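Biologist: I would like to learn how to read a few features in a model like this one. Could you take me through them?

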Amino acid sequence: VTALSPRAAVPFYVCGPERFLHIEAFQGTAQGASGTMRTGPWVCDGTGTPSPGTLGILADSLWNSAAITCRPGATWGVATELSLSFGARLPADGSLLTAHAAVTFHDERCAVAVGSITTADGRALVNGTTRTRFVPGIAEPDPVPLPADDPGAAGIVEWLGLAFSPDGRTAQMDATVSFANPARNVHGGVLFCASELTASRAVAANTNGLTVSSMTILYLRGVPIGERLAYAVEVVHRGRTSAAASVRCHRADGRTAALATVNFGPAAGEGRP
Amino acid sequence: VTAVDASRPVDFLSCGPEQALHIGDVRGTAAAASGTMHTGPWARGSDGGPCPGVLGVLADVVWGGAAVAGRPAGMWAVTTELSLSFGAPVATDGTRLLATGAVAHLSGDSSFATGTVRTEDGEITASGAVHTRFVAGDASAHVLPAGMHTDADAPGFAEWLGLEFAPDGLSATIPTGEAVSNPGGHLHGGVIFCISELAAAHAVSGLNPDLRSSSLHTVFLRRAELGGRVRCETDIVYRGRTTATATVCCLRPDGKPCAFSTATFGPVAPSNG
């Protein structure tokens, strides 16, 4: 096994989440990597509102790939943390988004990458950080084969198969092969996105004039494909112009797989280019 | 979108925490701001080791300074979130740390800035983001005379703050006098960030002394008036062999939460790659 180096090309694996969101080939190295994502109805939730959580899939995929190039030999990289600050409103008009990433530091155990996602006209959609831990056991990933055709889905909620409880405080989904990452666990961006959607439903963000202002997710345990995942939301704070919610994602064995904190602010303007 | 004067200078209003931590030379605009912190024993935590939480004060001042500089005319700003990913350990040897920040997104009622803190050698000690919300009013009444609260004899920032831990290690309090005020006359956001880190680190170290803080994300929910003691309640969410996760709820004297933090811990300090 040949260890990658910070100067190696950033790897790009087309798994189910990348394909569904029209995420395209990555370029560059750990010093500066980029990738694109085509917007469209696939980024929208069940109400037709673009879900900022979908950007977690792009960020997790590109930023973690940049971090992985710094891994020692015979190890792979798993994201342990993803933190995003949201700016301009996510479009769904078919425009192309561009993501950038760069590793800011690394050692033999972990790497940290920072990055951004901008609109086609240069407005900041996201800035953030990911932390990746190097683990032994998977020297080179062997991604699970995808079905030839992705079943049509009207939007991200339908694609995820998220089923919300009537009170909006819990949700469930089945971790199908479509959600796999290259290491055959559930893609961290999928956990991020599902947590955002569940939190937004719990605080009724759309009807209260709120939008996600930032989100941090901690990945505590891997989730094998085939599990049934359960999300539980605790609304930590609800004010007139802000809200905060904590989301726990539980595996089938009841253990917490991920813990997310989702913060909401007023649905704001478009930002400046 | 509100028109912004990108050349508006950063307002540096030095209060007690800035003086206690030897933070100065804060300058720049919304486009790019910088500031320094001279390290020393004041950057130590309750265990005598480096306290990464003090970087919250520096980041709040410098990164937040850039974000505040983008405010509309006649407005002030309050910090709503502060998120730091820690890298190289904070020195306590008298060397200088350099913080730089720039606004990444700006709308008429809020903004966020991203930034880094580096050592004199260029190693990244922290990277992250600060979110601010614009509010009516001005703040300049609580700027203190230079040196008023500098205490070179204090063994560490925790002692300077008067931090006290409960016997179970899961609760910590500080008195909230004028020394820990921000320019608006409320408890300084950087101090809230720092005591949250100290509280979580103390609770985690009781379970695994080999872990150190790797990141902290704080969302500020309500202003905390000065007077009385604020209390941090720590909940260990996850404890593994090499990582741990905790949440910290910071409560005002009236029992209402004023901040909610998520802290992560890893085994060793990553060195710059």
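Biologist: How many residues of helix α4 of chain A are buried?

Modeller: Buried means under 20% relative accessible area, exposed over 50%, and partly exposed in between, with a 1.4 Å probe and protein chains only. Helices (H or I, at least four residues) and strands (E, at least two) are DSSP runs numbered from the N terminus. In this case α4(A) is mostly covered, with 14 of its 15 residues buried. Bear in mind that this is a predicted model: local features need pLDDT of at least 70, side-chain atom pairs count only at pLDDT 80 or more, and totals for chains, interfaces and linings use all residues. Residues are numbered from 1 along each chain as its sequence is written, chains are lettered from A and ligands numbered from 1 in the order in which they are written, and side-chain values use heavy atoms, leaving out hydrogens and water.

Biologist: What span should helix α4 of chain A have?

Modeller: The expected span is 1.5 Å times one less than the number of residues. For the 15 residues of α4 (188–202) of chain A that gives 21 Å, and the end C-alpha atoms are 21 Å apart, which agrees. After the helix comes A204(A), whose phi is positive, near 50 degrees.

Biologist: Which residues touch the most other members of the largest nonpolar core?

Modeller: In soluble globular proteins, nonpolar side chains tend to be buried together. A nonpolar core is a set of buried Ala, Val, Leu, Ile, Met, Phe, Trp, Tyr and Cys residues joined through side-chain atoms within 4.5 Å. The largest one here has 76 residues, and L160(A), L162(A), L191(A) and Y231(A) touch the most other members. Contact means heavy atoms within 4.5 Å. Beyond its neighbours within four places in sequence, L160(A) contacts M173(A), F179(A), V190(A), C193(A), A194(A) and L197(A). A second, separate core of 72 residues includes W76(B), L84(B), L106(B) and A259(B).

Biologist: Is T36(A) buried or exposed?

Modeller: T36(A) has a relative accessible area of 17%, so this residue is buried. T36(A) sits in strand β2 (residues 32–38) of chain A. Leaving out residues up to four places away in sequence, its contacts include H22(A), L58(A) and L96(A).

Biologist: And chain B, what share of its residues is buried?

Modeller: Of the 273 residues in chain B, 59% are buried. The chain has four helices and 12 strands. Among its contacts between residues at least 6 apart in sequence, 69% join residues at least 24 apart.
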